There are 4 protein chains.
Amino acid sequence: MINMVSQKNGFIPKTVDFETRVHSSFKHQAVMNLIGAELVKVLPGEVEIQVNFRKDLTQQHGFIHAGIIATIADSACGYAAFSLMPADSSVLTIEFKLNLLAPAEGDKFVAKGKVLKSGRTITVCEGEVFAQRADETKLVAIMTASMMTIMNRPGVSESSISE
Amino acid sequence: MINMVSQKNGFIPKTVDFETRVHSSFKHQAVMNLIGAELVKVLPGEVEIQVNFRKDLTQQHGFIHAGIIATIADSACGYAAFSLMPADSSVLTIEFKLNLLAPAEGDKFVAKGKVLKSGRTITVCEGEVFAQRADETKLVAIMTASMMTIMNRPGVSESSISE
Amino acid sequence: MINMVSQKNGFIPKTVDFETRVHSSFKHQAVMNLIGAELVKVLPGEVEIQVNFRKDLTQQHGFIHAGIIATIADSACGYAAFSLMPADSSVLTIEFKLNLLAPAEGDKFVAKGKVLKSGRTITVCEGEVFAQRADETKLVAIMTASMMTIMNRPGVSESSISE
Amino acid sequence: MINMVSQKNGFIPKTVDFETRVHSSFKHQAVMNLIGAELVKVLPGEVEIQVNFRKDLTQQHGFIHAGIIATIADSACGYAAFSLMPADSSVLTIEFKLNLLAPAEGDKFVAKGKVLKSGRTITVCEGEVFAQRADETKLVAIMTASMMTIMNRPGVSESSISE
C-alpha cells in the first residue's frame, strides 16, 4: 500500500503506519479542536487540513485571521514532513513565512502542505491555503516552512504523549 | 500627550486618537476573544498583546501552537503599524515570517510588535514573543512582517465595522 | 501575440511591449553583467535568468553563494512581476525569503520567477532555482517574494534610466 | 581574551580561535573578493561585513541590488553563527528572509549579523544592513536567518579548504 501511495508524488515513507502516526499526533493538537480544524488527507509528504468559517476566527474586517490561516498551514506542512520521518521521531517547526494573496473570506478553508525536500535533519515544505465558497476556490495564502526531525528526545516525542 | 509618548521611540502618530482606534479595532478581532488574548500596551509604533497558557491552545507536545504565537505576533505588528497610520485608513498584513527559537512553554506569552519603517504604503515591523514563568522570561519567537495601509476602501476599513 | 503568450499561464500583460521593457531594464542591472547572468525567458508573469558556474561566485565550500542565488531569483521574480505592470511603472522588491534545499553545485543555474498574484500595488511571486549538470537538473532553492508597483516616481522609474 | 569579548554580548565561544576561523573561512568566499566586501568586525555571535558602492553592483535604478545586500547580510549572519560553533564544524544557510526598508543608496554598506539563539543544530540570526553617506547612516534592510551546524562532513567542512 505504501508503494501505491508513494507513486503519487514520488515520496517513500520510512514507516508503514505513517498515516496512523499523523492522525494520532493531530488528535493531540488541542488547538485544532478549538478552531474546528479537521485532518482531511494524509499521503506520504502531503497533508490537508480544513477549517470551516466561524465568526470567532475572524479579524476586524470579518476575514479569517492570518494567524488561524498560519495555524492550519503550519500543521499541514509539519505533518507532511512528519509523514516521511522515521519511527521514534517527532517534528518541530523551525520557521515559516506566510504571504497573504487575498482576504480569507469563504465558507471553508483548506491548507495543503507538501514536502519539497526531505532531508535527514531539515525538511522544507510549501503550503497553500484555499478559500472555498459555492463553486469558487481561491488561493488566499502561501507558506514556505522549515521543519526539523527530532529523534528520541524526551518531552518532545510524539509517542510520549500518546496513551 | 502624543508628543510625550512619541518621544519614547521617535514615532509621531498622525492621529490624536491612535490609542482608541487600536483598541476599537482589536475588540473586533473575534479570534482574540476565542484565544483569550488581551491588548496590554499601545504606544505610537509599538503594541503588546498577551495570552495566558491554556491547554486548548497547544500542539501535540503541550507547547502553545506556533500558529497561536503567530496570531498574537501578527496582530501586535499590525496594530503597531496601524497606530501610525492616518485617519480613514485600515491595515492589512502582506506577509510575515516567524522563527521559533524555543518551545513555547510558560504561564503567559507576550507578543511585542514594533515598527521599523513606516512608509506611505508599506510598514515593516518586527515582533518578539516572550514566554513568562515565575521570574523567568524567555524569547521564544521572532517575526518580521510587512503591513499595508489601505485608504478608504469599502469592506476593509476599520470604521465600517465600528458601531 | 500577447494573447497567444498569455494563454500559456493565464496572465494578460497590460502593455504590448512587456518583453522589450523587461529586456531593457535587465540591461541596466549592472550587477547582472558582473556575475555573468543572462535573461533567457520572458513571458507574461514568468521570467528566467541563468548564470554559469564561476569560481568567483562561490562561498567557502565551493558552492555558489546563497546571495548570488538570491540575486538571480530576486530579479527573475521582480521581472516576472514587472512584465504584468502598466506602462510608466517600475518595480521594487519589498521582501523575499530564500530556502536552500541543496548545495548550489553544478555547471549552470537557472532561476525561474513566476507571478502567483498580481495586484494593483503588490505582486506576489515564487521563484525556483535549479542547478544543471550534464543530464541532471536539481532544485536547489525556492523563493517567495513581494514586489511593489511604483507609478511615475522620479528616480525609480525604469524609463528615466533608459536612453 | 575570549572572556573579555564575550562579556560584550553574553555569548561564550566554544573555540579559542573563533576569530581566526571566521577570517580564514571568509577568505575562501571568492564572491566577497568579486564584490569588494571586507570583514570588518568579528565578535562572539556578532560579525560585520562592509562593501563600498560600485556601479557594477547596482540594479536598474542605480541602487545596490537586493541580492548583493543579501550576500553580505547572509555571510554576516552565517559567520556570526559560525563564531559560536565548535571546532570541526562548518556552517550552512538553511534559509533567510530580507525585508528592504529603503533604497540601498550611499557610499558604503555595512551588514551586521547577530546571533539571537545558538542551538546545537540550528542557530537563528538577525541581520541589519546600513547605508552610510557623509554623516548619515540609514537602515536599508533587515534579515532573519536560520543557520545549521554541520559536523565532520567531508566536502563541507571549513578546514578541508584551508591550506
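A word on conventions. Residues are numbered from 1 along each chain as its sequence is written, while chains are lettered from A and ligands numbered from 1 in the order in which they are written. As the model is predicted, local features need pLDDT of at least 70 and side-chain atom pairs count only at pLDDT 80 or more, whereas totals for chains, interfaces and linings use all residues.

Let's begin with the sheet in chains A and B. Helices (H or I, at least four residues) and strands (E, at least two) are DSSP runs, numbered from the N terminus. Two strands pair if DSSP finds at least two bridges between them. On that basis, 12 strands form an open sheet, in the order β1(A)-β2(A)-β4(A)-β5(A)-β6(A)-β3(A)-β3(B)-β6(B)-β5(B)-β4(B)-β2(B)-β1(B), with antiparallel pairing. And which strands stand at the edges? They are β1 (38–43) of chain A and β1 (38–43) of chain B; each has a single partner strand, so one side of each is left without a neighbour in the sheet. From one strand to the next, the twist averages 25°.

Where the chains join, β3(A) and β3 (residues 89–100) of chain B run antiparallel, linked by five bridges. There A:Lys97 stands opposite B:Lys97. β3(A) also pairs with β6 (residues 136–151) of chain A, antiparallel over 11 bridges, and A:Leu92 stands opposite A:Met148 in β6(A).

Now for the helices on the sheet. For the angles, axes are lines fitted to C-alpha atoms, for helices over the stretch in contact, and angles run from 0 to 180 degrees between N-to-C directions. Contact between two residues means that their C-beta atoms, placed from the backbone, lie within 7 Å. Helix α4 (residues 66–82) of chain B lies across β3 of chain A as well as β2, β3, β4, β5 and β6 of chain B, at about 40° to β4(B).

What about α4 of chain A? With 17 residues at 1.5 Å a residue, α4(A) should span 24 Å, and its end C-alpha atoms are 24 Å apart, which agrees. (The expected span is 1.5 Å times one less than the number of residues.) A residue is buried if 20 or more other C-beta atoms lie within 10 Å of its own, exposed if 12 or fewer, and partly exposed in between, with C-beta atoms placed from the backbone. For α4(A), 17 of the 17 residues are buried, so the helix is largely enclosed by the rest of the structure.

Over to the contact between chains A and B: 33 residues come from chain A and 33 residues from chain B. On the chain A side, α3 (30–35), α4, β3 (89–100) and α5 (158–161) give two or more residues, and β3(A) has the largest share, with eight residues. That side has 13 nonpolar, 14 polar and six charged residues. (Ala, Val, Leu, Ile, Met, Phe, Trp, Tyr, Cys and Pro count as nonpolar, Asp, Glu, Lys and Arg as charged, and the others, Gly among them, as polar.)
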